[in-house]
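Open the model in your viewer and keep the selection tool at hand. The tour goes stop by stop.

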Amino acid sequence: MKRRVGIIGGGASGLAAAIEAARAGAQVTIIEHMDRVGKKILSTGNGRCNLTNLRMESDCFRSSQKSFPMKVIEGFPVEETLEFFGILGIVPKNRNGYIYPNSDQASSVLDVLRSETSHLGVEVLLSCHVKEIREGDHGGFAILTDQGRVDTDALILAAGSKAAPATGSDGSGYELAKSLGHTLIKPLPALVQLRCQGSMYKQLAGIRTDARICLTIDGKKTAEDRGELQLTDYGLSGIPVFQVSRFAARALDEGKKVRAYIDFMPEWEAKDAFYLLRKRADVVGYKPAEELFTGMLNKKLGAVLLKLAGISPEKKAGELSGKQIAKLLGQLKEYEAIVMSVNPFANAQVCCGGVDTRQVDPSTMESKIRKDLYLAGEILDVDGICGGYNLQFAWSSGVLAGRSAAGAGSSGPGERQAVRVSHGSGASASRSFAARPSRTEEHKKRSIPKEKRNHR
Ligand SMILES: Cc1cc2nc3c(=O)[nH]c(=O)nc-3n(C[C@H](O)[C@H](O)[C@H](O)COP(=O)(O)OP(=O)(O)OC[C@H]3O[C@@H](n4cnc5c(N)ncnc54)[C@H](O)[C@@H]3O)c2cc1C
């Protein structure tokens with residue numbers, strides 16, 4: 001008899017798990033409480049889906065157990081992910097190491113995943129709500145849902161986090177994990193905007209500028225990033241802000257003081273920027289100070305920096321003292337934003353926190369608390385930075401969980417069972433991964449070497 005694998009959650013990790021488990025010969029059922037699977041995938045990468053990244057290193061992930069994320073990724077690395085999607089039909093587009101489908105459509109990633117699950121005979125129960133998970137009559141699990149009882153030998157929890165709940169990940173997966181004996185590191189919004197104190201943000205709203213952001217917690221520098229900063233009427237947004245936001249969320253939750261220091265001229269050393277300001281003030285000395293930044297900085301930003309430095313916009317530029325220029329420089333290179341909160345889960349791309357990874361085996365994704373239970377994706381206490389890392393973690397953990405839940409173990413690709421692979425014509429044929437000439441080498445050749453990060 002086929003091994004029965006139930007998967008709660010038909011998102012990125014659940015679909016990857018379903019494909020791998022079905023390929024390994026299991027009878028797979030996905031229980032999804034939304035009216036369709038993979039809703040979140042559609043909004044990824046601004047609708048283009050940054051599905052992975054060629055630079056995959058431990059500093060791209062955060063978890064209470066630092067080594068956990070990369071152990072999972074190494075079990076199903078980027079090369080194998082590209083191969084997995086290549087077989088499904090995705091031609092990768094490489095933007096400085098950031099990988100997208102060549103179609104530039106996130107929907108095509110979902111389409112190929114759905115098509116493969118259907119081809120493999122995966123049963124998908126939509127708008128199906130889990131009421132309770134019980135011990136099965138002969139081991140395994142009895143999943144009680146509003147559409148009846150689903151009996152499985154193994155169960156994969158792939159229900160995501162609390163981020164972007166409109167896409168289905170409403171945190172109910174955490175409750176299911178708790179009901180099965182797991183504990184959580186408190187989930188908080190991450191890859192999210194920072195809300196800051198001060199009335200000047202209304203004036204700054206809409207400005208986009210290259211900047212470096214340095215986050216301090218109780219006065220200690222904790223994280224920094226550089227990229228396009230977006231100023232909003234309540235504070236700070238943009239990729240560099242997202243990258244440091246999880247530290248802000250955690251620290252604020254712990255009652256700590258969070259400040260973001262912004263360098264609006266990151267290309268310039270402070271001393272060079274000082275001489276630049278001094279020179280400009282002297283050359284256009286007859287002009288009012290409010291024109292000092294014209295051609296150098298966004299006009300609205302220049303006006304706010306002048307105000308914060310206590311300089312009247314009407315004062316003649318040539319009359320600015322060295323002390324005043326230094327004050328202005330302070331605002332330009334080290335503008336202080338007092339971070340009051342982060343935006344809620346609805347605005348977050350991911351969560352930091354989740355099921356404690358010490359309770360999960362990273363080579364199989366099996367729970368150390370409950371036999372035959374597996375966890376995959378964002379439900380775990382793992383968050384990646386922007387750039388394809390969160391999806392890569394979902395693919396890797398999903399594949400490992402699917403493979404193990406089906407009883408295929410954590411064997412390498414060469415040892416895997418025969419799989420059915422669809423060809424372009426729609427015809428299908430049985431063949432073994434082991435027998436296939438590796439495309440990994442091909443991908444390696446095409447890979448761009450590690451480069452400076454370029455955000456999606
Ligand atoms: C706007 C946005 C853009 C993003 N862009 C990128 C990007 O470009 N690159 C990247 O790497 N990452 C990106 N991410 C993050 C990435 O999408 C997630 O990390 C990833 O989808 C997590 O996969 P998952 O399977 O764990 O969870 P999800 O994809 O959230 O799937 C969980 C599924 O479980 C279902 N579910 C939840 N609870 C239950 C329950 N109790 N019963 C049944 N079903 C349930 C949900 O409906 C959902 O279908 C983005 C996120 C957002 C919000």
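In it, 40 residues surround the ligand, and the closest are Gly9, Gly11, Gly160, Gly168 and Gly377. Next, colour the elements that give two or more residues to this shell: α1 (12–23), α2 (39–43), α6 (172–179) and α12 (389–405). Which of them gives the most? That is α12, with four residues. Now colour the shell by class.

**Stop two: helix α9**

Select residues 270–283, which form helix α9. Check its length with a distance between the end C-alpha atoms. They are 20 Å apart, which agrees with the 20 Å that 14 residues should span at 1.5 Å a residue.

Which residues of α9 are buried? Show Ala273, Leu277, Arg280 and Ala281. Look down the axis of α9: these buried residues fall within an arc of 100°, so they line one face of the helix. An α-helix has 3.6 residues a turn, so residues three or four places apart point the same way.

Turn to the other side of α9. Lys271, Asp272, Lys279, Asp282 and Val283 are exposed there. Then go back to the buried residues of α9; what covers them includes α11 (322–333).

**Stop three: helix α11**

Show the buried residues of α11: Ile325, Leu328, Leu329, Gln331 and Leu332. Seen down the axis of α11, they fall within an arc of 160°, so they too line one face of their helix. What do they pack against? Their partners are α9, α10 (299–308) and β18 (335–342).

**Stop four: the whole chain**

Zoom out. The protein has 13 helices and 23 strands. Of its 456 residues, 48% count as buried. Take the contacts between residues at least 6 apart in sequence: 73% of them join residues at least 24 apart.

**Last stop: confidence**

Colour by pLDDT. The protein's mean is 90, and 89% of its residues reach 70 or more. Now select residues 410–456. Here pLDDT stays under 50, and the model has 61 contacts beyond four places in sequence for this stretch. Where pLDDT is low, the predicted coordinates should not be read in detail.

Methods
Residues numbered from 1 in each chain as written. Predicted model: local features only at pLDDT ≥ 70, side-chain atom pairs only at ≥ 80, totals over all residues. Near = placed C-beta within 6 Å. Expected span 1.5 Å × (residues − 1). Buried ≥ 20, exposed ≤ 12 C-beta atoms within 10 Å, placed from the backbone. Arc of directions from axis to C-beta. Contact = placed C-beta atoms within 7 Å. pLDDT = per-residue confidence, 0-100.
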